Amino acid sequence: MPESKGRAKPAYTPPRTAQSNSVKPNPRWFVPVMLGLMLIGLVWVVTYYISGAKEYPLPQIGRWNLGAGFAFMMAGFLMTTRWR
């Protein structure tokens with residue numbers, strides 16, 4: 001059985017790289033704000049649990065204090081993904 005001719009493959013050319021995509025460092029305030037948000041959230045939740053339900057930090061919002069504390073912590077955590 002005769003063999004088929006192979007196709008000529010073009011030479012490999014690497015994909016283009018982005019132009020001067022230099023990574024800039026974060027501003028000086030970034031890390032303190034990130035850590036501060038996580039600590040504020042932690043203190044918020046601990047204060048809610050220690051003070052008894054619906055007492056502190058904001059008695060008007062009741063159990064939503066947990067949501068507020070976790071929102072502070074999540075904001076700090078999301079900032080860690082942008083930390084360089």
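Biologist: A crossing is left-handed if the near helix is turned anticlockwise from the far one by less than a right angle, and right-handed if clockwise. Is the crossing of α1 and α2 left-handed or right-handed?
Modeller: The crossing of α1 and α2 is left-handed. Please note that this is a predicted model, in which local features need pLDDT of at least 70 and side-chain atom pairs count only at pLDDT 80 or more, while totals for chains, interfaces and linings use all residues. Residues are numbered from 1 along each chain as its sequence is written, and side-chain values use heavy atoms, with hydrogens and water left out.

Biologist: How many helices and strands does the protein chain have?
Modeller: The protein chain has two helices and zero strands. Helices (H or I, at least four residues) and strands (E, at least two) are DSSP runs, numbered from the N terminus.

Biologist: At what angle do α1 and α2 pack?
Modeller: Helix α1, residues 30-50, packs against helix α2, residues 64-80, at an angle of about 160°, and their axes are 8 Å apart. Axes are lines fitted to C-alpha atoms, for helices over the stretch in contact, and angles run from 0 to 180 degrees between N-to-C directions. The two helices are therefore roughly antiparallel to each other. Angles under 35 degrees count as roughly parallel, over 145 as roughly antiparallel, 65 to 115 as roughly perpendicular and the rest as oblique.

Biologist: Which residues of α1 and α2 meet?
Modeller: Among them are Val33, Leu37, Trp44 and Tyr48 in α1, which face a set in α2 including Leu66, Ala68, Phe70 and Met79. The residues of this contact of α1 with α2 divide into 19 nonpolar, five polar and no charged. Ala, Val, Leu, Ile, Met, Phe, Trp, Tyr, Cys and Pro count as nonpolar, Asp, Glu, Lys and Arg as charged, and the others, Gly among them, as polar. Contact means heavy atoms within 4.5 Å.

Biologist: Is glycine 41 buried or exposed?
Modeller: Glycine 41 is buried, at a relative accessible area of 0%. Buried means under 20% relative accessible area, exposed over 50%, partly exposed in between (1.4 Å probe, protein chains only). Glycine 41 belongs to helix α1 and, leaving aside neighbours within four places in sequence, is in contact with Gly69, Phe72 and Met73. Its C-alpha atom is separated by 5.9 Å from that of phenylalanine 70, 29 residues apart along the chain.

Biologist: And what does asparagine 65 touch?
Modeller: Not counting residues up to four places away in sequence, asparagine 65 touches Trp44, Tyr48, Tyr56, Pro57 and Leu58. Asparagine 65 lies in helix α2 and is buried, with a relative accessible area of 0%.

Biologist: How does methionine 38 count?
Modeller: Methionine 38, in helix α1, counts as partly exposed at 26% relative accessibility. With neighbours within four places in sequence left aside, methionine 38 is in contact with Phe72, Met73, Gly76, Phe77 and Thr80. The C-alpha atoms of methionine 38 and serine 4, 34 residues apart along the chain, are separated by 66 Å.
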